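Let's take a walk through this one together, starting with its pockets and ending with its charged pairs. Have the viewer ready.

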Amino acid sequence: MDPVISAVDPRSRRTRARVHRTVLAAADGSEDLGALTVAELCRRAEVHRVTFYRHWPHLEAAIAEALTEIVDSLAEVDPATIAAAESPDQLAADYHGALVRQLEELARRRPVYQSLLTAATPFATDLEASLRRRAQLAIDAFGTLGSPVPGARDGTAAAYLAGGVAAAFTVFVCGEEEDLLAAADRISAQLPGWWPRRAAD
């Protein structure tokens, strides 16, 4: 599969959207995602097996992509919000809100994420990669606002942050915490010293 072509080809986008919707529907149900097969996924998504394998090497990759996309989208802080931020601590509050949204999703499908994060699945790798990308965007934004971050240029800071948050997410889904604000506060309390203290603190 050519990722550049797949990103712009309307047929490819439709295929991915159908498969993603089907994965999420299965994740919302009572069935075990581990029992889902490529054949059954293709039947429900109305996608040919040959088409499926043009996009993903195996079922686990499709599941990882669908769920990572959801968690990643909830981490987004709108570019307009970033541009309007007047201080690093104000922006930190926006990122804290994004963290709460991610925890809401993790809690909503807790058994699914617990299974994916405690086993050797592509989801854990994909999630950490998405967290690293989001972390780098935040780090760059803080730098623009006059709060430079050590290790920003070579990616050390983003990698460190992503690894820690991914581990905290695993702890969260393996527990029974229902107070999402408290969970978000605990995760935020572990952030490195260079991370600005949010305006609400």
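Predicted model: local features only at pLDDT ≥ 70, side-chain atom pairs only at ≥ 80, totals over all residues.

**Pockets, confidence and salt bridges**

Start with the second largest pocket: 22 residues line it, and those nearest its centre are Asp 32, Leu 33, Gly 34, Ser 115 and Leu 116. This pocket holds about 310 Å³ of space. Helix 5 (59–74), helix 8 (110–117) and helix 9 each bring at least two residues to its lining, with helix 8 giving the most, five residues. Sorted by class, the lining of the second largest pocket comes out as twelve nonpolar, five polar and five charged residues.

Helix 7 gives the most, six residues. The class breakdown for the largest pocket is 17 nonpolar, three polar and five charged residues.

The chain has an average pLDDT of 91, and 94% of the residues score at least 70.

On to the charges, where the count is eleven salt bridges. One of them pairs Arg 16 with Glu 65, with the closest N and O atoms 2.5 Å apart. Arg 16 sits in helix 2 (residues 10–28) and Glu 65 in helix 5, so this pair ties together parts that are 49 residues apart in sequence. Arg 16 is buried, at 14% relative accessible area, whereas Glu 65 is partly exposed at 22%.

Another salt bridge links Glu 105 and Arg 109, again with closest N and O atoms 2.5 Å apart. Glu 105 is buried at 6% relative accessibility, and Arg 109 is buried too, at 5%. Shared partners join Asp 28, Glu 105, Arg 108 and Arg 109 into one salt-bridge network.

Finally, look at Asp 9 and Arg 11, a salt bridge whose closest N and O atoms are 4.0 Å apart. Here Asp 9 is partly exposed, with a relative accessible area of 22%, and Arg 11 is exposed, at 60%.

Conventions:
Residues numbered from 1 in each chain as written. Heavy atoms only, no water. Helix = DSSP H or I, 4+ residues; strand = E, 2+ residues; numbered from the N terminus. Nonpolar A, V, L, I, M, F, W, Y, C, P; charged D, E, K, R; others polar. 1 Å grid on protein atoms, 1.4 Å probe; cavity = no way out; pocket = protein on both sides within 12 Å on 5 of 7 lines; lining within 4 Å. Points joined across faces, edges and corners; volume = space filled by probe spheres on them. pLDDT = per-residue confidence, 0-100. Salt bridge = Lys/Arg side-chain N within 4 Å of Asp/Glu carboxyl O. Buried < 20%, exposed > 50% of the residue type's maximum accessible area, 1.4 Å probe, protein only.
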